[in-house]
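Here is a short briefing on a complex. Look over the sequence and the structure first, then read the points below.

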Amino acid sequence: MLPFKLYLLAHHTAVLLVLNTCRRARGAEYSHGGRRGCLKGTRETVLNEIESWVKEFNHSPIFWLNGLAGTGKSTIAQTVSEWIFADGQLGASFFCSRDFEDRSDLHFIFPTLAFQLAHKFHKFRSALISLLLSNPDVAHESLYRQMERLIVEPLRSADVSTIIVIDALDECKDEEPSSAILSVLARLVKRIPKVKFFITGRPESRIKTGFRLPILMNSTSVFVLHDVNPLLINSDIRLFLKHELSELAARRRLERWPSDEQVNLLCSRAAGLFIYAVATVKFLDSNTHLPEHRLDVIVKLPECTAPEGKTRFNPKMTLDSLYTSILQTAFREEDSEVYSKVRSTIGAVVLLVNPLPSSAIAKLVGLDPREVILFLMLAQSLLALCEDSDQPVKSFHKSFPDFITNSSRCTDTRFYISPNEMHLELVMGCLRTMNDGLEQNLLSLPDYTLNSEVEDLETRVDDRISITLRYACLSWHNHLTETDGDVSSVVSCLRIFLEEKFLAWLEVVSAIGAVGGATVGLERLVLWSQEVRLHPSL
Amino acid sequence: MDQVAKSEQLLDTAKDYFRFVIKFFEVIKVSATHIYHSALELCPTSSIIRKLYYHRRITRLPKVVIGTPESWARNIAISHNDDYNGPCIWSPCGRFVAVQTRRAVEIRNQLTLELITILQLTKLIRDLAGPLAYSPDGRSIACASDTAIIIWDIQTGGVAKGIKRRAHTTSHWGQGPKYPLGTW
């Protein structure tokens with residue numbers, strides 16, 4: 001018996017090894033990221049509709065949940081994923097996110113889904129493994145081929161029925177006029193009749209045209225979240241606010257708080273945007289302030305400046321004034337220098353290619369780490385902050401970066417973050433970090449070794465290359481391409497980097513296994529230098 | 001040094017380093033130390049990277065005395081494939097090239113020749129004969145063969161449109177055996 005067990009073990013290990021060679025985005029499943037589902041009793045119309053779509057197999061194979069920013073798409077996607085996981089029907093899920101490079105790359109979607117499907121379905125795994133063995137580069141092919149070979153063929157040979165969830169499709173970088181993923185789905189979905197797709201996204205034009213492709217029109221059920229009866233949404237938002245605020249009141253021992261008028265006012269200001277309610281609760285729940293004082297601040301906000309005669313005001317305006325007043329309450333200094341530091345800190349959080357912990361942000365923008373922690377704490381109702389200061393910091397919802405980097409929405413110039421200027425600051429930070437931190441043979445690798453021969457390569461990388469340096473080495477060119485204006489300081493920093501640290505950078509990139517990305521970076525550098533030469537005044 | 005000269009120099013250096021990384025891509029990928037052992041020793045004598053970094057090479061092997069190229073080869077990247085069959089065209093944006101093989105069309109990065117997408121043939125077209133043409137917006141590629149016309153959508157790699165040609169209708173289609181597509 002033993003040899004057989006050994007064989008099984010060896011087989012199992014080999015299978016895992018092959019699967020792990022397939023590139024994929026980490027943390028894209030529904031269970032990562034600490035999202036919460038819908039509060040019980042809210043969003044019932046949409047959830048009922050989705051439930052009947054899930055249960056009936058004659059229904060269209062695709063369900064498109066479409067809604068404006070902040071209407072609660074991801075929360076609903078989270079709830080749906082949790083249910084169908086509990087029913088055993090969830091095959092795979094991919095929650096796209098602009099905050100992470102891999103989770104905003106279309107080319108990671110199908111390989112990641114395939115990886116999850118392989119863990120779930122035995123037959124799918126065998127089909128996928130034989131494919132990967134014969135064609136290890138399939139994850140680098142075109143989207144059509146990826147979907148065909150990684151998803152459709154193995155699913156057909158495994159003959160399983162399952163549901164696949166893709167959340168926030170609009171957060172992937174995509175230059176097609178009609179969403180690339182959707183046109184691929186349109187062509188292939190007929191070949192896997194037992195599989196359903198649940199997709200959410202903002203009604204951006206390319207996604208809308210994608211769903212209008214003739215082949216998709218007939219096979220898609222559409223639910224438009226922002227067209228739900230406003231009364232229904234209002235009562236959902238009221239339920240949510242009451243629930244969250246009564247919990248807060250109990251925790252902080254407040255009695256008869258908040259009053260019904262206050263809740264009514266908040267509901268009408270939310271104007272159908274769940275994110276307004278979520279942001280308000282987050283703002284009230286501050287450890288350093290009394291919730292009732294903070295609620296007064298919001299209640300006292302001037303009514304929105306919507307043109308007269310309009311009964312329902314523009315939801316974006318109310319959200320913008322909420323964000324502005326949260327920022328104004330958090331930072332009340334007179335000193336203009338403080339605001340430039342605040343902008344650097346928050347700007348880094350919203351524009352980094354991948355999120356970083358506060359200490360790394362401090363190094364990158366050249367501020368005292370204690371100061372950065374202070375600013376982040378002050379702005380915490382707008383951020384996803386952990387108790388643990390080693391954890392990366394993100395904004396709590398993508399409507400916040402949209403707001404603060406748009407000068408027509410964020411009208412308080414003390415807080416407006418100009419993307420070009422911020423990228424300039426970040427690329428300078430990256431170059432400074434690399435010029436200071438890189439040196440020849442930083443990892444003390446023995447001469448004439450291949451990377452694969454160094455057994456503890458990963459530990460060496462972790463020990464000797466700080467998170468900041470790693471980020472700088474991998475992402476400086478992403479920021480470089482976004483710069484604008486006076487770049488002479490960047491040019492002089494680049495010169496030091498190229499003349500003294502270039503090979504040390506290549507070493508690090510080689511040890512991390514990112515040489516492919518480095519060629520992209522150098523190509524960008526060539527293009528950027530051409531621009532600078534043509535327009536020296538830039 | 002004035003601003004213009006500085007930016008000229010930056011561009012030259014960037015191009016030179018880019019060639020270095022492309023030329024020694026495989027070496028750098030598998031070994032960080034061989035950047036100093038092999039890549040530096042073998043890079044062209046006139047290259048900027050050699051001027052700035054050659055003194056940092058680490059080698060216990062005999063020094064290469066003769067045979068190092070003098071400058072970067074004119075072709076900065078080469079892609080070998082016995083199947084290449086037919087013309088190679090530039091994309092309208094100038095960043096990609098499309099090239100025919102017997103069974104597919106490959107889209108490659110024009111600088112590194114890294115493979116970006118393969119456009120596969122379908123039942124409509126089993127062999128590629130005619131020349132390729134990019135659409136003016138660079139999103140699609142068209143090709144004709146003896147039996148059909150086909151248009152691929154580049155990003156998805158799928159066939160956007162295809163028409164099968166009936167036999168003996170050459171006169172409507174093009175002239176003679178080459179079936180020139182002309183321009184878009």
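How many residues does the contact take from chain A, and how many from chain B? Chain A contributes 41 residues and chain B contributes 37 residues. This is a predicted model. For the complex, the predictor gives an ipTM of 0.74 and a pTM of 0.76.

**The chain A side of the contact**

- Four helices of chain A each supply at least two residues of the side that touches chain B: helix 6 (143-158), helix 7 (180-188), helix 22 (488-512) and helix 23 (515-534).
- Helix 22 of chain A gives the most to this side, with 12 residues.
- By class, the side of chain A that touches chain B has 21 nonpolar residues, 10 polar residues and 10 charged residues.

**Domains of chain A**

- The domain assignment gives chain A domain 1 (10-227), domain 2 (235-319), domain 3 (336-404) and domain 4 (428-534).
- Between the C-alpha centres of domain 1 and domain 4 of chain A lie 34 Å.

**Confidence in chain B**

- Chain B has a mean pLDDT of 77. A pLDDT of 70 or more is reached by 76% of its residues.
- Where in chain B is confidence lowest, and where is it highest? The lowest is helix 5 (residues 170-173) of chain B, at a mean of 42. The highest is helix 4 (residues 48-53) of chain B, at 93.
- Residues 168-183 of chain B have a pLDDT below 50. Beyond near neighbours in sequence, this stretch has 17 contacts in the model.

Conventions: Residues numbered from 1 in each chain as written. Chains lettered and ligands numbered in written order. Predicted model: local features only at pLDDT ≥ 70, side-chain atom pairs only at ≥ 80, totals over all residues. Domains from an automatic or database assignment. pLDDT = per-residue confidence, 0-100. Contact = placed C-beta atoms within 7 Å. Nonpolar A, V, L, I, M, F, W, Y, C, P; charged D, E, K, R; others polar.
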